[in-house]
Structures are given as structure tokens and as C-alpha cells.
Amino acid sequence: METREVVLITGCSNGGIGHELARSFAVKNCLVVPTARSLTSMSDFQNDPRFFLQELDVLSEQSVTHVLSNVLQKFGRIDILVNNAGVQCVGPLAEVPLSSIQHTFDTNVFGPIRLIQSVVPHMASRKKGKIVNIGSCSALAPGPWSGAYSASKAAVHSFTDTLRLELRPFGIDVISVVPGAVTSNIGDTAIANYSQMPEWKLYKKFEEPIRARAHFSQGPKSTPAEEFAKRTVNAVLKEKPPAWFSIGHLSTVAAIMYHLPLFIRDFIVRKGMKC
Ligand SMILES: NC(=O)c1ccc[n+]([C@@H]2O[C@H](COP(=O)([O-])OP(=O)(O)OC[C@H]3O[C@@H](n4cnc5c(N)ncnc54)[C@H](OP(=O)(O)O)[C@@H]3O)[C@@H](O)[C@H]2O)c1
């Protein structure tokens, strides 16, 4: 009987964390289903027999149902779901168009919940499974200029805590993976989306720090996605995986900031984010 774990990962475009997670799971002898909105964004995996590539948009019920049925038909099971797909949203909360905030929550919050609701009946029927939700350190010390994103990731942390308890009776482990600053495409995508924002009214004079927020996680000290992925996969594949796994540049700083009195945290963040 085939015993290799079947792992489905969302948001696996080349250059991002999902892509490296797919590679690391494959190195650990898993049967990997890397998914992305477009197959061309995973073209380097195309002829590699370790991967069963699928197009999946987390915003589409139809797309999720279609992919899950393809995977169950091919492998007969899904052992691990990694909710990795996500988008940054940069801008002052008082002026960011509501549609951009909704899109952020649709992708980062309702997308993972859509996948989870689709896969849980299958995992529960086998009394086995792991669900990995990628959160963010930015939700531990939410600063200015990325309020929609931080709030969406705080929601991810919160529903992950709930699911860990609610799914335990069904043999399903639920894991929060909380990256610090990790090298990926997130900054470039954020700045591309930012260029579609309207001109700020009250916040014109903050244009420079707001724009800089898009690339905040993409500095020279950011953790390479490959290193992040290797360590994350090692943690997830443990027989008893951790409930919370946080690594990457600034992840320790974020954990400390989380516990600081608010007046100290605000003082530090205001200096850093120039507001
Ligand atoms: N990099 C960091 O420093 C950092 C820190 C904390 C948390 N994170 C989280 O880590 C995860 C991966 O991000 P990343 O840094 O690797 O950024 P990335 O390189 O921009 O990757 C994001 C992935 O999500 C995909 N995606 C976006 N909308 C989607 C949708 N509707 N359906 C399916 N896929 C969709 C993107 O696809 P396209 O290529 O088609 O756009 C891309 O594959 C995200 O949840 C992010 O919030 C990253």
C-alpha cells in the first residue's frame, strides 16, 4: 500500500514560499499537489513526476471542488492541506477602498476557510489529516500602512486556534505557521496592487513610508524562502506537529513586540513606520 503523504498547497507560483514548500515536501518523499492560479507560474515543476500540478483559485468554489475531486481520483486521499496563498494590501485603513480590503479578506481568510470546509469531511472520514494555515508576524504587532493585511492574518490565527480544538476529535492536526520576513514575490505584487490605489487625501505626506511598507519584508536580511520552507516542512511532518511554528527574520522581534505594553510598542512602531 502507498504510504507517502499527499500534500496539497495553494499559491505555489515560482519565487514564493508555496513554491519552496512544494519542493521541500517533495524532497521528503511526499506526493505533492502544488496549485496556483496559473500553471505557467509553476512551469519549472511541469515535467517533474514528483508533482501533480493543478490550477486553483482560492476565490472560486468551483475551482476548489474540481481540484479536490482530481486529487482524490488520482491519489484517493489528502493527508496535508497547506493554506499558503495570500495577498498583501498596503495603504492607510481610513482611505483604502473597501473593495481592496474585501479582496484581501476573500483571499487570506475566506479562501483558506473554503479549502478547509471542502477537505475536512474527507480527512474526518479517515480520522487523519493536517491543516497548515500560513499566518503572519505582522498580525502580532500590527502597525500602520498594512492594516487590512494584518487584520486578515489576525483572523487566520484566530480561526486556526478554534479549528485546532474543533478538529481534534476527528484526528486532524491544525497548525499555525507564522513567517517573519521571507524572500518572495509579496513586495512586488503589493506594489503592483498599490499602483491601482486612488490618490490619498489625508495621507499624501505619508506617501513615501506607505509605499515602503510594500517591500518591508523584502530586505537584504530576509530569510530565503528555501530555508523557511525546509524548516517548516520538518515541523509539519513531525508525528506530533507544533500548534504554532514561527520562523524568519524579525519573527522573534514580533513575538516580543506582541507582549510589550501598547505604549512602548506604539513608540517603536511609530519610529519605524514614520507616523
Ligand atoms: N514573504 C513574507 O515575508 C511573508 C511574511 C508573512 C506571511 N507571509 C504569507 O506567506 C504566504 C505566501 O506568500 P509569499 O510571501 O510567498 O508571497 P507571493 O510570492 O506573492 O505568493 C503568494 C501566492 O499566493 C497566490 N495567490 C494570490 N491570490 C490567489 C488566489 N485567489 N488563488 C490562488 N492563489 C492566489 C499567488 O498567485 P499569483 O502568482 O497568481 O499571484 C502566489 O502564488 C502568504 O499567505 C503571505 O501572506 C509571507
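This is a predicted model: local features need pLDDT of at least 70, side-chain atom pairs count only at pLDDT 80 or more; totals for chains, interfaces and linings use all residues.
I started with the helices around the ligand: H1 (17-27) and H5 (186-194) each put at least two residues into its shell.

Next I asked which residues come nearest to the ligand. Of the 31 around it, they are Gly11, Ser13, Gly16, Gly86 and Ser184. By class, I get 13 nonpolar, 16 polar and two charged residues in the shell.

Then I went to the strands. I looked up S6 (residues 172-177) and found six of its six residues buried. Ile172, Val174 and Ser176 point one way, while Asp173, Ile175 and Val177 point the other.

What does S6 pair with? S5 (residues 129-134) runs parallel to S6 over six bridges, and I noted Lys130 with Asp173 as bridge partners. S7 (residues 244-245) is also parallel to S6, joined by two bridges; there Ser176 partners Trp244. I also traced S5, helix H4 (residues 147-167) and S6 as a right-handed β-α-β unit.

Last, the nonpolar cores. The largest has 54 residues, and Val7, Leu21, Ala22, Val32, Leu81 and Val132 have the most contacts inside it. Helix H7 (residues 225-236) gives the most to this core, five residues. Another core lies apart from the largest one; it has eleven residues, among them Trp145, Tyr149, Ala151 and Ile186.

Technical notes:
Residues are numbered from 1 along each chain as its sequence is written. A residue is near a molecule or strand if its C-beta atom, placed from the backbone, lies within 6 Å of it. Helices (H or I, at least four residues) and strands (E, at least two) are DSSP runs, numbered from the N terminus. Ala, Val, Leu, Ile, Met, Phe, Trp, Tyr, Cys and Pro count as nonpolar, Asp, Glu, Lys and Arg as charged, and the others, Gly among them, as polar. A nonpolar core is a set of buried Ala, Val, Leu, Ile, Met, Phe, Trp, Tyr and Cys residues joined through C-beta atoms within 7 Å. A residue is buried if 20 or more other C-beta atoms lie within 10 Å of its own, exposed if 12 or fewer, and partly exposed in between; C-beta atoms are placed from the backbone. Two strands pair if DSSP finds at least two bridges between them. A crossover is right-handed if, with the strands pointing away from the viewer, the path from the first strand over the helix to the second runs clockwise.
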